[in-house]
Amino acid sequence: MPLWNIFSKEELEKQLRAKGHEYTLVSFYQYAKIEDPQAFRNALFSSWTQLDILGRTYIAKEGINAQIAVPTPYFEAFQEQVYAIPFLNGIRLNVAVDSKVTEFPFLKLKIKVRDKILADGLNDETFDVTNKGKHLNAQEFNALTDKSDCLLVDFRNHYEHEVGHFKDAILPDVDTFRDSLPLIEEDILKGNEDKNVIMYCTGGIRCEKASAWFKHRGFNNVYQLDGGIIKYANECKEQGLENKFIGKNFVFDERRAERVTDAIISQCHQCGAPCDDHTNCAFEGCHLLFIQCETCKNSMDNCCSDACKEIIQLPEEQQRAIRQKVTKSNLIFKKGSHSLYGKRYKLTIVKRFDFSSKFQS
């Protein structure tokens, strides 16, 4: 059988509709030594394809990082397969807050071999990722964050914590995890060595590495929220604990977020109305990730700018010609610097493409 997807998006959607699965959304990670990541990847792809599993997984010599959707009837078989792998036996499987979905959170199964399961920019061979900070369950997290001698730091990107975060958390304005490590050390932790550093992220993997890194850098009182926001929200619900998280938990699948509380703490990037729904610009050559309310979505045809709105009205062949000449894509709206991610980029498109003469018939 092929060890990769060979179907178009349209064909994949047709196949998924025909199968009609309900999915359980699961994430897990494990740092471990994998001698032959490619062979491990191929075996995993083969076994998971037989269970109709969808999603995204990264394999490296340092371990595995998976965000997947498992057909609910096959979940027990999937768990048995995972636990049969020695270094994954008994691994915590983080089930999403909105755990059961019938829509397609992913269209296909992608398992990729990478240098690292989490890009961190670290090249220190003396760094031991297993010497991590102390894990906190939801009850312990609530108790420790009630004290005044702690720094609660969000280790996610700005577009994630913009729609949801913990009360009183420090929210670094970063685009990637690798950006966060030096910035947090220099701007937040230095001078606060005597305080308890409590970190959190979506499912725990970023904090797993960050807590070990900061211990390596000499910070001793390092804690991390075990299982991240996902496990915390589930524990609070199951145990009747106070939920200190407000808003949505951003996720990296087609849902884009799962609601943890009813609070809406962000605004539409176009009109400023209360809104926490992320979308991608309808012009595929742009694909900007930004927050857009329903009113703006309708008036802007799901586009981030008038330039993109004008492009998507053109025939597909002309749109394709424009996409081929656009050098930047998959951009993210940056709250603190709109011109970098939005206006300046749109003005570049307008300047490069004369809609009236070059593309209009």
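Student: Where does D301 lie?
Tutor: D301 lies in the loop between α9 and α10 (306-311); helices (H or I, at least four residues) and strands (E, at least two) are DSSP runs, numbered from the N terminus. One thing to keep in mind is that this is a predicted model, where local features need pLDDT of at least 70 and side-chain atom pairs count only at pLDDT 80 or more, while totals for chains, interfaces and linings use all residues. Residues are numbered from 1 along each chain as its sequence is written, and side-chain values use heavy atoms, with hydrogens and water left out.

Student: What is phi for D301?
Tutor: Phi of D301 is near 55°, a positive value in a residue other than glycine. D301 counts as partly exposed because its relative accessibility is 33% (buried means under 20% relative accessible area, exposed over 50%, partly exposed in between, with a 1.4 Å probe and protein chains only).

Student: And what about phi of H287?
Tutor: H287 has a positive phi of about 60°, although it is not a glycine. H287 sits in the loop between β13 (278-280) and β14, and with 30% relative accessibility it counts as partly exposed.

Student: Is Q292 buried or exposed?
Tutor: Q292 is buried, as its relative accessible area is 1%. Its place is in the loop between β14 (289-291) and α9 (294-299).

Student: Which side chain does Q292 contact there?
Tutor: The side chains of Q292 and N302 are joined by a polar contact of 3.2 Å. Such a contact is a pair of N or O atoms within 3.5 Å; within protein, one must be able to donate a hydrogen and the other to accept it, and residues adjacent in sequence count only if both atoms are side-chain atoms. A polar atom of the Q292 side chain also lies 3.1 Å from the backbone oxygen of C303.

Student: Switching topic: how many salt bridges are there?
Tutor: The structure holds 19, each being a side-chain nitrogen of Lys or Arg within 4 Å of a carboxyl oxygen of Asp or Glu. One of them pairs K132 with E208, with the closest N and O atoms 2.7 Å apart. That pair links distant parts of the chain, 76 residues apart: K132 is in the loop between β5 and β6 (134-136), and E208 is in helix α7 (residues 205-216).

Student: How buried is E208?
Tutor: E208 has 6% relative accessibility, so it counts as buried, whereas K132 is partly exposed at 34%.
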